[in-house]
Amino acid sequence: HRALAAVGRMGSRDVAAWTTVISSYAQTGRAKEAILAFVAMLRDGASNAARPNEYTYAAVIAACANISCVHLGEQLHAQAAQRGFASSRSVANSLVTLYARAAGRLSAADAVFQESAAKDVVSWSAIISGYAQEGLAGEAFALFTEMRRHHCPRPNEFTLASLLSACATAASLDAGRQLHALAVAAGLEHHAMVRSALIDMYGKSGNMSDADVVFLNRTKDDVVSWTAMIVGNAEHGHSKRALELFEEMCRVGLKPDHVAFIGVLSACCHAGAVELGLRYLNAMSKSYGLEPSKEHYGCVVDLLGRAGRIDEAEELIGGMAANERDGVVWTSLLRACAARGEEQTGKKAAERVMEAEPWGAGAHVAMANLYASKGQWCEAAQERHMMKQKGVVKGVGWSSVTVGGEERGVGVFVAGDRTHPQDNLIYEMLDLIYYGVGMARYVPDQMNLASEVELMVNTYSSSYN
């Protein structure tokens, strides 16, 4: 406020004054004010002294990135390019961040990144973060390798946090441990962002014991690390531990955020603690000043549904704000109905899900399963037929595996995948495994199984040669 007052007393504001105001707004989370200040600057730009420079554009584009205002960011990109600032490092970094955070705009981020002549650790971190957020772990690590070999060998906390997030998504524990060692070597292991990313990575990789070690070795408390521990324990079904951590976090004086309450409500759901979950939902607004979102309501709807209290779950949804009643909460109710065989309420929930997500497969699949569980095969077949008529395709589940020697990589694949360059060899090996398993079923106990399998391998390899 004092800075703004000082600028307000200036008779005429130059580019430095305006840029300081815009940057200050952007850095303190007041993105809309930053954009309005930029508009005021353009109106005040009669003299060359108040014309935006590269740092002005970098600041206002960063503000657009903070609120995902891509369309305005594109206009600013065009204006900066027209004035010859788009290739500068600061503007390019803001543009990469803007496009990397926007859904479906990763190719634009990559184009800006590749065109940037002067890349620094911020540039590399921004594009690596974009690929990691899209779940493209292989591409993110390839960029990181290129960054370290040729350009910027020392990563910062944003680089490591993004890569650890990619490891968490792919459950790549080996790569995550190597990044942990790198964080220790760089002196970043105690940074709140890195520590929470490490806890999340170990938790999602199924190693809560290592997550505990990272958490217990913290040098100071922060909400993000505590929340990561709460969510990790909740996801692994350690409900009691998750709830204990939540209460302890509050006792040490940290205020829980929305994500912490998702972990708490998930823990209640896994434990079947219905009344406790309802109390936490009410406490969000009454005790902590947090308004529950659709994700919180979805957890409680799931909690009530698992307990067979379908009517209460439907009543809870009815009490939500209209703009919060989307596919998330209705899908939670639909799943509960499918599990309990509640056909009438399930139909109602499925209709709402289809209204919110007309091209989604979840509602049709859930209703088909519900009908099938009750022996209503004609109705189940009709749901599948409706999916075909609408052109709805069920999402394919995927798996990942870490392969290779010294330069390991994460391979992602789906059922029937033929995209790998060595797919023929992979399928040959799978056939060999199936053949070996089939033969092993008929090997008598007194036979030497090891020599028998060796014989099968030699025979099978010869047939392929």
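Trainee: Before we start, what counts as buried, exposed or partly exposed?
Mentor: Buried means under 20% relative accessible area, exposed means over 50%, and partly exposed is in between, using a 1.4 Å probe and protein chains only. Of the 465 residues of the protein chain here, 42% count as buried.

Trainee: What kind of model is this?
Mentor: It's a predicted model, where local features need pLDDT of at least 70, side-chain atom pairs count only at pLDDT 80 or more, and totals for chains, interfaces and linings use all residues. Residues are numbered from 1 along each chain as its sequence is written, and side-chain values use heavy atoms, with hydrogens and water left out.

Trainee: OK, what's the average pLDDT of the protein chain?
Mentor: The average is 84, and 89% of the residues score at least 70. pLDDT is the predictor's confidence in each residue, from 0 to 100.

Trainee: And which element has the lowest mean?
Mentor: That's helix 25 (residues 449–464), with 47, while helix 15 (residues 239–251) has the highest, 94. Over residues 459–465, pLDDT stays under 50, and the model has six contacts for them beyond four places in sequence. Contact means heavy atoms within 4.5 Å.

Trainee: How many helices and strands are there?
Mentor: The protein chain has 25 helices and two strands. Helices (H or I, at least four residues) and strands (E, at least two) are DSSP runs, numbered from the N terminus.

Trainee: Let's look at helix 4 and helix 6. At what angle do they pack?
Mentor: Helix 4 (residues 54–66) and helix 6 (residues 89–101) pack at about 15°, with their axes 8 Å apart. That's why helix 4 counts as roughly parallel to helix 6. The cut-offs are under 35 degrees for roughly parallel, over 145 for roughly antiparallel, 65 to 115 for roughly perpendicular, and oblique for the rest. Axes are lines fitted to C-alpha atoms, for helices over the stretch in contact, and angles run from 0 to 180 degrees between N-to-C directions.

Trainee: Which residues make the contact?
Mentor: Among them are Tyr55, Ala58 and Ile61 of helix 4, and Val91, Leu95 and Leu98 of helix 6.

Trainee: New topic: is Thr19 buried or exposed?
Mentor: Thr19 counts as buried, because its relative accessibility is 9%. Thr19 sits in helix 2 (residues 15–27) and touches Asn53, Tyr55 and Thr56, not counting residues up to four places away in sequence.

Trainee: And where is Arg309?
Mentor: Arg309 is in the loop between helix 18 (294–306) and helix 19 (310–318). At 23% relative accessibility, Arg309 counts as partly exposed. Beyond its neighbours within four places in sequence, Arg309 contacts Val274, Glu275, Leu278 and Leu304.
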